[in-house]
Amino acid sequence: MGIFQLQSIVANAKQLIKRQDVPKGYLAVYVGDIQRKRFVVPLSYLDQPVFQDLLRRSEEEFGFNHPMGGLTIPCHEEAFVHLTAQLRIS
């Protein structure tokens with residue numbers, strides 16, 4: 001993922017934060033296969049390589065047109081919960 005693409009994702013994320021009930025410093029994402037669940041995660045996750053990999057997959061699958069109106073991450077909910085738990089620990 002190029003720096004321009006990451007900046008574009010971050011800019012879109014900032015716009016979503018302004019429109020949603022998301023605390024400053026956090027980002028709302030939608031995760032799941034069929035029924036998507038909304039998660040609010042710290043913006044600091046954007047710096048983590050494993051989270052950046054999820055963003056790349058999201059871009060490959062959805063481009064910048066996300067069906068939920070927010071950032072949709074193509075990942076099983078259980079895997080996302082496990083991943084974010086690991087990020088909180090580190």
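Me: What makes the largest nonpolar core a nonpolar core, and which of its 17 residues touch the most other members?

Reply: A nonpolar core is a set of buried Ala, Val, Leu, Ile, Met, Phe, Trp, Tyr and Cys residues joined through side-chain atoms within 4.5 Å. Here Val29, Val31, Val41, Phe51, Leu54, Ile73 and Phe80 touch the most other members of the 17-residue core. Strand 1 (26–31), strand 2, helix 2, strand 3 (71–73) and helix 3 each give two or more residues to this core. This is a predicted model, where local features need pLDDT of at least 70 and side-chain atom pairs count only at pLDDT 80 or more, while totals for chains, interfaces and linings use all residues. Residues are numbered from 1 along each chain as its sequence is written, and side-chain values use heavy atoms, with hydrogens and water left out.

Me: What makes something a helix or a strand, and how many of each are in the chain?

Reply: Both are DSSP runs numbered from the N terminus: helices are H or I with at least four residues, strands are E with at least two. By that count the chain has three helices and three strands. From the N terminus on, they go α-β-β-α-β-α.

Me: What does Thr84 touch, leaving aside its neighbours within four places in sequence?

Reply: Contact means heavy atoms within 4.5 Å. On that rule, Thr84, a helix 3 residue, is in contact with Val41 and Tyr45. Val41 in turn touches Gly25, Tyr26, Leu27, Phe51, Phe80 and Thr84, again not counting residues up to four places away.

Me: How many salt bridges does the structure hold?

Reply: Two. The other pair is Asp53 and Arg57, at 3.3 Å, N to O. Both sit in helix 2 (residues 49–62), four residues apart, about one turn of the helix. Asp53 is partly exposed at 32%, as is Arg57 at 39%.

Me: What puts the buried residues of helix 3 on the same side?

Reply: Those residues are Phe80, Leu83, Thr84 and Leu87. They cover an arc of only 95° around the axis, so they share one side of helix 3. The arc is that of the directions from the helix axis to the C-beta atoms. On the other side, Glu78, His82 and Ile89 are exposed. What covers the buried ones includes strand 1, strand 2, helix 2 and strand 3.

Me: What about the buried residues of helix 2?

Reply: They are Phe51, Leu54, Leu55, Ser58, Glu59 and Phe62. Their arc is only 140°, which puts them on the same side of helix 2. Pro49 and Glu60 are exposed on the other side.

Me: How do you know that the reach of helix 2 is close to the expected one?

Reply: The expected span is 1.5 Å times one less than the number of residues. With 14 residues, helix 2 is expected to span 20 Å and reaches 20 Å from first C-alpha to last. Helix 3, with 13 residues, reaches 19 Å, close to the expected 18 Å.

Me: What makes strand 1 and strand 2 a pair?

Reply: Two strands pair if DSSP finds at least two bridges between them. Six bridges join strand 1 to strand 2, so they pass that cut-off. The two run antiparallel, and Tyr30 stands opposite Arg38 in strand 2.

Conventions: A salt bridge is a side-chain nitrogen of Lys or Arg within 4 Å of a carboxyl oxygen of Asp or Glu. Buried means under 20% relative accessible area, exposed over 50%, partly exposed in between (1.4 Å probe, protein chains only).
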